[in-house]
Amino acid sequence: MKTSPIFAMTLIVALACSPIPASARGLSEADIQAIHKARAARSAAIAAGDAAAAAAVATDDGIILPPGLALRQGQAALREWFAALPVTSLIFTSLEIDGANGMAYDRGTYEGARKDGGAMRGNYLWIWKKQGDGSWRIAIAMWSLNAPAP
């Protein structure tokens, strides 16, 4: 079953605008740890230059929404994206994770080192989908770059 981008964005808005009380949080500690582990696996794959492993953290029909560029969807497009990524590392720091019913959002920051020696920082928002085997994979990823004000 494919998750439409409209549904995912609706989920983001609903979750962001309607804080979930601590007693109603929908993710177990095991779910949260699985998401942390998958996020770390993507960082490790990027550092190793392993485009296939970095893409594999996404669902088969996963979508990325790079800043200022057209979306990429599906494993082949994601492998191509990660193979051309001009960074040697990206470290993601989660600030908030929550969700319910097999969907979760993960909001945080990232820092990276570019191949040209420069640094990059920004914010990310990922939508995770729980798989039939209990693992979590990214259905939609979007991010922004922190840049100095003009």
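View 1. The model is a predicted one: local features need pLDDT of at least 70, side-chain atom pairs count only at pLDDT 80 or more, and totals for chains, interfaces and linings use all residues. Residues are numbered from 1 along each chain as its sequence is written, and side-chain values use heavy atoms, leaving out hydrogens and water.

**View 2. The buried side of helix α2.** Asp31, Ile32, Ile35, Ala38, Arg39, Arg42, Ser43, Ala45 and Ile46 are the buried residues of α2. They lie on the same side of α2 because they cover an arc of only 165° around the axis, the arc being that of the directions from the helix axis to the C-beta atoms. An α-helix has 3.6 residues a turn, so residues three or four places apart point the same way.

**View 3. The length and end of helix α2.** With 20 residues, α2 reaches 28 Å from its first C-alpha to its last, close to the 28 Å expected at 1.5 Å a residue; the expected span is 1.5 Å times one less than the number of residues. Glycine 49 follows α2 and has a positive phi, near 70°.

**View 4. The open sheet.** Six strands in the order β2-β1-β6-β5-β4-β3 form an open sheet with mixed pairing. The edge strands, β2 (72–73) and β3 (87–100), each pair on one side only. Two strands pair if DSSP finds at least two bridges between them; helices (H or I, at least four residues) and strands (E, at least two) are DSSP runs, numbered from the N terminus.

**View 5. Strands β1 and β2.** β1 (residues 58–65) pairs with β2 in the antiparallel sense over two bridges. Opposite glutamine 73 in β2 stands isoleucine 63.

**View 6. Helices against the sheet.** Helix α2 (residues 29–48) lies across β1, β3, β4 (103–114), β5 (119–130) and β6 (136–145), and runs at about 165° to β3. Helix α4 (residues 75–84) packs on the sheet, touching β1, β2 and β6, and its direction makes about 55° with that of β1. Contact means heavy atoms within 4.5 Å; axes are lines fitted to C-alpha atoms, for helices over the stretch in contact, with angles from 0 to 180 degrees between N-to-C directions.

Methods: Buried means under 20% relative accessible area, exposed over 50%, partly exposed in between (1.4 Å probe, protein chains only).
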